[in-house]
Amino acid sequence: MEHALRPHRPGALMPARFLRNGAGRQFDMSISTYIKEIGRGANGARSLTVEQAHDLMGQVLDGAASDLEIGAFAIAMRMKGETADELAGFLAAAHERCLAIPSDRPVVMLPSYNGSRRLPNLTPLLALRLAQEGARVLVHGPLQDPSRVTSAEVLRDLGLPAVGSVQEVERAWARHEPAYMRIDALCPPLARLLDVRWVLGLRNSGHTIAKMLNPVRGARGLRVTNYTHPEFGQLLAQYAQNTGADMLLLRGTEGEPVADPRRLPRMDLTLQGTLHADLSCAPQEGALAQLPVLPRENDAATTALYIQAVLSGEKPVPAPLERQVQLLMGALAAMQDEALAQSA
């Protein structure tokens, strides 16, 4: 199971809450014991086990670590990079502190944490096209970013303000609309970790975890997860395989989980940890015969007007984005078929 922790491996460091003193009694320790392992530089750093990563992230999210320790953790992990086991442990801790979103059928999750700087932010268009096709969609992320156009701002200008409760999510789905939940409502401790970026000037492991959240309970959650570097894409694929996750992996657009409207990216669909070649696609090669007509101005209001024109049929849907919609709807159909086969 994705959220289960593995037994402790002999010879590995024990999580802090299980360390013992000379008398054999348990005692609490700060996360410094972990920082000593992950902070030894690119060549000397040791990776944590699932259990250690779970304990470390739990202490960070619960406020048990000092500001100095959190800064050291953020920089050390930034230099070392996460492993699949560390991602599993970090996510387990985050899920324990995350608002549960109940659903009786699969939900497509679009983590929107980067926003757009140059191209229009079309994550809202992806969410609305999926909702048009009958999918339940949960978008989550911050409300604002001082240097980028967020999905929350575009959806607001489309008349779809961010939601802050399970009831508001359910009402949005009942209206056949995507629900955008702000991260401080979905997982307040994680939102505080994300805010460390504005002090350090660097993103941290919290941003990786936010993009991989699966708050859906009662049904399967299909995560659309993007990467910017091939090595990170391989790590995410390994995580999906190890944990039996449902995930569409793609090289996103400016860090957003939507296909680049100018060129079809590689997209790999994994269901319960198994890659489905028939629901995946190779990247487009060569030059495009015709570039899509996109807004020249990159602001929330202009992007919202463009999206309205696309949804009404006045303008065409960019072909790569429509292909992404087809793959995701195919994945939801396959998940439903699997559920029916298991219940038969």
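Tutor: Helix 8 (residues 166-174) lies across strand 2 (107-111), strand 3 and strand 4, and runs at about 160 degrees to strand 4. Axes here are lines fitted to C-alpha atoms, for helices over the stretch in contact (heavy atoms within 4.5 Å), and angles run from 0 to 180 degrees between N-to-C directions. Helices (H or I, at least four residues) and strands (E, at least two) are DSSP runs, numbered from the N terminus. This is a predicted model: local features need pLDDT of at least 70, side-chain atom pairs count only at pLDDT 80 or more, and totals for chains, interfaces and linings use all residues. Residues are numbered from 1 along each chain as its sequence is written, and side-chain values use heavy atoms, with hydrogens and water left out.

Strands of a sheet pair through backbone hydrogen bonds, either parallel or antiparallel. Strand 3 (residues 136-141) and strand 4 pair in the parallel sense over four bridges; two strands count as paired if DSSP finds at least two bridges between them. His140 has Met181 of strand 4 as its bridge partner.

These strands belong to an open sheet of seven strands in the order 4-3-2-6-7-8-9, with mixed pairing. Strand 4 (179-182) and strand 9 (274-281) stand at the edges with a single partner strand each, so one side of each has no neighbour in the sheet. On average, neighbouring strands of this sheet are turned by 25 degrees against each other, direction ignored. The chain has 15 helices and nine strands.
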